[in-house]
Amino acid sequence: MPEHHDPRVRTKRHWRKIGKDLTSVSTGQIVVAVILCLCSFMVVTQVRSHHNQDAYSTMSRADLVTMLDTLSESSRQLDSEIADLRATMRELQSGANSRKVAQQEAQDQLAGAQVLAGTVPVHGPGITITIDDPDEKVTSDMMLDAVEEMRDAGAEAMVLNNTVRIVANTWFAASPDGLQVSETTISRPYTLTVIGEPHALQEGARFRGGLVSQMESDKVGASVEITTSQDLTISAVAHPRAMTHATPVR
């Protein structure tokens, strides 16, 4: 068979031509390739940036202002806590009355832990949220979302229908008579009492897509009333489960 008709010869020549083309890439082609790579990178970055901004670009000015107020309030609270901790640190390092300062700090931490655990009654400023659910469409998931929104807005203590103190391990489930909340049946209407900064809590509840808009949507048909107060009292307490296996290390 003639050489020029041999498939193997033609294949070898084809691969030699490809190799020659690859080794003879010009400087201009390299520059074009680099520019194309940079353009592709910029396009991907722009798309990702646009995607991340979509959640905020669709929000109204009022919602953005509300979000800013909430973040500003949280920032002020954190700044205040930082200042208190630094003052305590200076007093401890100074050596003057360091034992007394340490004891007071321990007592303050214990009191804070008791409030978070819900084992002591508390009082202070806050809001009361009353949810009327005539169509019985407020679910346990919606109530859990409402509680989480209040925590995000700075809630320090909460109670539902003045009966169940809401703490970290509180759970919600459906019940024929309303809601099942940590072994207790809560009937309608629901009243959520929240202690914290009233303005931040109220704005957190009225934030678009939040508690009020979700409950008062056409799908649910509930009505929400929010009242503020400078002195609310939560007397209900949580009863932590006794530890069976865990023992504190001393």
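In what follows, Ala, Val, Leu, Ile, Met, Phe, Trp, Tyr, Cys and Pro count as nonpolar, Asp, Glu, Lys and Arg as charged, and the others, Gly among them, as polar. By these classes, the lining of the largest pocket divides into 11 nonpolar, 5 polar and 7 charged residues. The model is predicted, so local features need pLDDT of at least 70 and side-chain atom pairs count only at pLDDT 80 or more, while totals for chains, interfaces and linings use all residues. Residues are numbered from 1 along each chain as its sequence is written, and side-chain values use heavy atoms, with hydrogens and water left out.

**The largest pocket**

- A pocket, on a 1 Å grid over the protein atoms alone, is an open set of points where a 1.4 Å probe fits, with protein on both sides within 12 Å along at least five of seven lines, and its lining residues have an atom within 4 Å of a point.
- The largest pocket holds about 720 Å³ of space, where a volume is the space filled by probe spheres set on the grid points, which are joined across faces, edges and corners.
- Of the 23 residues that line the largest pocket, Glu81, Gly112, Val115, Leu116 and Glu156 are the closest to its centre.
- At least two lining residues come from each of H3, helix H4 (98–117), strand E2 (157–160) and strand E3 (164–166), where helices (H or I, at least four residues) and strands (E, at least two) are DSSP runs numbered from the N terminus.
- Helix H4 gives the most to this lining, with 8 residues.

**The second largest pocket**

- About 410 Å³ of space lies in the second largest pocket, and of the 17 residues that line it, Val167, Asn169, Ser182, Ala238 and His239 lie nearest its centre.
- The lining of the second largest pocket has 8 nonpolar, 6 polar and 3 charged residues.

- Leu85, which has its place in helix H3 (residues 61–94), counts as exposed because its relative accessibility is 54%, exposed being over 50%, buried under 20% and partly exposed in between (1.4 Å probe, protein chains only).
- Asp133, found in the loop between strand E1 (122–132) and helix H5 (140–152), is buried, with a relative accessible area of 3%.
- Leaving aside neighbours within four places in sequence, Asp133 is in contact (heavy atoms within 4.5 Å) with Val138, Arg188, Tyr190 and Ala222.
- The side chains of Asp133 and Arg188 are joined by a polar contact of 3.0 Å, a term for a pair of N or O atoms within 3.5 Å of which, within protein, one must be able to donate a hydrogen and the other to accept it, and for which residues adjacent in sequence count only if both atoms are side-chain atoms.
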